[in-house]
Amino acid sequence: MMDTVLALVPDYGVMLVFGVVFLACLAVPLPASVLVLTAGGFAATGDLPLATVFATALVAYILGDQLAFGLARRIGPAVLVYFERSDSTAHLLEQSKTLLQRRGSLAVFISHTILSPTCPYISYLSGAGGLNWRRFTLAALPGALVWTAVYTGLGYTFAAQLEQVATILSNFSGVVLAGAASVVVVLLLRRRWHAHMLAVAQTPV
Amino acid sequence: MRHAVTFARRNWIVLGLLLASIAIAFWFALSLVSDALYFNDPRNLDVDLKPWMTPRYVVHTYDLPRSLVMEVLELDPEADRGIRLGRLAEDRGMSMDDLTALVRDAADTFRGAEQ
């Protein structure tokens, strides 16, 4: 799959970069990061213009991201009403919405940079959960800029070691995602532990 | 201690998830360190040619003169500069391994002559 997508870069150039990055922002499983990295590499060899690669990837990221947010804002509330019928999910959704309002900007920025595989889902959640568009965009735009600059820049700088850099970045994403999952599970366990100890304290001897 | 055991029994799935996520993070971290340590390993020089590469990409990765690469691959420097090596190999009825061997031989000869 990876080689097939990369083989399309010399033929379709920045149009391919635009399409793949745009669709990846909508959660279509396409290797956007490796493609932008490779396009940066092709810019270093002179096959593609660097400024065009950067601008195309950035515009595709912003447009795809805004579409994900807009779609979720339009359709999301109706979907959430369906889930809010159940008491347990309604409580969970309420908590998620509160968390989104409190830490939304930080979550959006992190998901658009270091945790980029989660980007489309956070954009959908932000739209559906009612995060203010201005707050979302003010965090999403710098995130998109950083992500695009890092991947294009790394591809350009390490054009001769593209596969090695792609592997390193993929392992780095693995560390960050698995680390983030561990933190979430620890927080969940901590909450359960407090509830458990409270229940023990309230149990008559 | 008794409370901890009861807690662990009741939450064994979540604890299992925690152990699994830590193990996965550790595995990725080990791979990351190993890849970073071997970044400049000589094995990573003159890499196998891939179907998505272009002649200019070969010039860049093998650090060879453009004219030499175009000559070895029997390409027109202007008309064929964006051609994919996969298509080139297909047109010539060669495998990517054959193409890699051709470029590596030319690189060895060129570097030998330079020294």
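From the N terminus on, the elements of chain A run α-α-α-α-α-α-α-α, that is, eight helices and zero strands; helices (H or I, at least four residues) and strands (E, at least two) are DSSP runs, numbered from the N terminus. This is a predicted model, in which local features need pLDDT of at least 70, side-chain atom pairs count only at pLDDT 80 or more, and totals for chains, interfaces and linings use all residues. Residues are numbered from 1 along each chain as its sequence is written, while chains are lettered from A and ligands numbered from 1 in the order in which they are written.

The C-alpha atoms of chain A fill a box of roughly 75 × 35 × 30 Å along the principal axes. Of its 205 residues, 36% are buried (20 or more other C-beta atoms within 10 Å of the residue's own, with C-beta atoms placed from the backbone).

| Helix | Residues | Length | Span between end C-alpha atoms | Expected span |
|---|---|---|---|---|
| α8(A) | 162-202 | 41 residues | 60 Å | 60 Å |

Helix α2(A) has a kink of about 65 degrees centred on M15(A), the bend being the angle between axes fitted to the seven residues ending at a residue and the seven starting there. Its buried residues include V14(A), V17(A), V21(A) and F22(A).

V17(A) and V21(A) are also among the residues that touch the most other members of the largest nonpolar core, which has 58 residues. Such a core is a set of buried Ala, Val, Leu, Ile, Met, Phe, Trp, Tyr and Cys residues joined through C-beta atoms within 7 Å.

L162(A), V165(A) and A166(A) are among the buried residues of α8(A). The buried residues of that helix pack against α3 (32-45) and α7 (133-157) of chain A together with α2 (12-37) of chain B.

The contact between the chains takes 34 residues from chain A and 31 residues from chain B. On the side of chain B that touches chain A, α2(B) gives the most, with 13 residues. Among the elements of chain B, α2(B) also has the highest mean pLDDT (93), pLDDT being the predictor's confidence in each residue, from 0 to 100. The predictor gives the complex an ipTM of 0.76 and a pTM of 0.82.

Technical notes
A residue is buried if 20 or more other C-beta atoms lie within 10 Å of its own, exposed if 12 or fewer, and partly exposed in between; C-beta atoms are placed from the backbone. The expected span of a helix is 1.5 Å times one less than its number of residues. Two residues are in contact if their C-beta atoms, placed from the backbone, lie within 7 Å.
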